[in-house]
Amino acid sequence: ETHWIADPTNRHRDEADFGNSIMFVHMDPKACVFDEWDAPRRDYWRANADGSQFQVIRPELTSDVAAHGIRRRPVFVYLPSSYNRDSDSRYPVLYVHDGQNVFSTPPHCGGGPAGGGWYLDEKLDDMWSQSLIRQFIVVAIANVKGNRMREYCTGSFLHAFADPYIRYVVECVKPVIDRNYRTRVEPEWTATMGASMGGLVSFTLVATHSHVFGNAACLSPSFWFADSHNVTAFDLLRSVKKVRSRVYLDSGDGEGDNMYETL
């Protein structure tokens with residue numbers, strides 16, 4: 001049985017069609033400049049920002065992944081405040097898609113081309129300061145302009161295990177993070193998150209690689225998408241014998257009947 005509730009921690013009510021959507025929890029409309037094609041940008045700096053917490057890497061591609069048109073891109077790593085103080089601890093990792101949208105302002109991401117919009121860093125700083133949740137590493141994988149739909153929407157759900165972007169995350173990004181940072185590598189400590197098409201690819205990751213990703217947060221996921229064979233993510237799920245992952249699903253209350261029905 002499914003119970004739908006408004007997110008009690010989300011006091012924001014966006015005036016656009018998304019309604020009470022977790023995507024916009026910390027998007028200050030007075031501080032953002034919206035453009036149809038660009039991520040929201042903030043024009044001020046967080047006074048309490050610690051530059052050492054943001055790092056930018058560009059993982060190399062394997063030849064097999066590169067052969068399928070996947071391009072190198074910036075990956076933004078956000079370390080919890082305790083990371084540099086506690087050299088013995090290892091941390092869970094959250095891999096987030098549309099990485100240039102995840103944080104608050106471009107300078108926070110090592111001067112990289114991150115647009116911000118989700119303000120995930122600010123929300124986590126607040127929750128960590130109150131010891132509300134465990135501290136973890138955020139790895140925000142940027143999308144490549146013009147390639148987002150092709151990468152996030154698999155060409156064949158029933159063969160998504162070998163999809164180029166899925167392989168890029170599993171074979172190129174995660175190994176680099178595990179080698180260079182003190183991570184908990186087990187699937188129960190590894191999560192992925194995304195919104196819209198990013199939510200769809202997060203779901204695809206846990207359905208095909210539950211031995212790698214044990215958790216997924218799919219925000220307003222594009223479950224309406226069907227591949228060229230009219231196969232959907234639900235068909236993928238039915239084809240998988242066993243998925244050992246936990247999945248969180250949500251949507252805004254103004255996203256229409258199609259979103260409600262697919263969730």
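1. The crossing of H4 and H5 is right-handed, a label used when the near helix is turned clockwise from the far one by less than a right angle. The contact is made by Tyr165, Ile166, Val169 and Val170 on the H4 side and by Val201, Thr204, Leu205 and Thr208 on the H5 side, where contact means heavy atoms within 4.5 Å. Six of these residues are nonpolar, two are polar and none is charged.

2. A word on the source: this is a predicted model, in which local features need pLDDT of at least 70 and side-chain atom pairs count only at pLDDT 80 or more, while totals for chains, interfaces and linings use all residues. Residues are numbered from 1 along each chain, and side-chain values use heavy atoms, leaving out hydrogens and water.

3. How do these helices sit together? H4 (residues 164-180) and H5 (residues 197-208) pack at an angle of about 70 degrees, with axes 11 Å apart. They are therefore roughly perpendicular to each other, a term for angles of 65 to 115 degrees.

4. Now have a look at Tyr152, which lies in helix H3 (residues 148-152). Tyr152 is buried, with a relative accessible area of 2%; buried means under 20% relative accessible area, with a 1.4 Å probe and protein chains only. Among the residues Tyr152 touches are His97, Asp98, Tyr165 and Val201. Tyr152 and Gly198 are 46 residues apart in sequence, yet 6.5 Å apart in space, C-alpha to C-alpha.

5. Finally, the cysteines: Cys153 is buried at 8% relative accessibility, and Cys172 is buried at 2%. The structure holds zero disulfides, a disulfide being a pair of cysteine sulfur atoms within 2.5 Å.

Definitions and conventions
Axes are lines fitted to C-alpha atoms, for helices over the stretch in contact, and angles run from 0 to 180 degrees between N-to-C directions. Helices (H or I, at least four residues) and strands (E, at least two) are DSSP runs, numbered from the N terminus. Angles under 35 degrees count as roughly parallel, over 145 as roughly antiparallel, 65 to 115 as roughly perpendicular and the rest as oblique. Ala, Val, Leu, Ile, Met, Phe, Trp, Tyr, Cys and Pro count as nonpolar, Asp, Glu, Lys and Arg as charged, and the others, Gly among them, as polar. Buried means under 20% relative accessible area, exposed over 50%, partly exposed in between (1.4 Å probe, protein chains only). Lists of a residue's contacts leave out its neighbours within four places in sequence.
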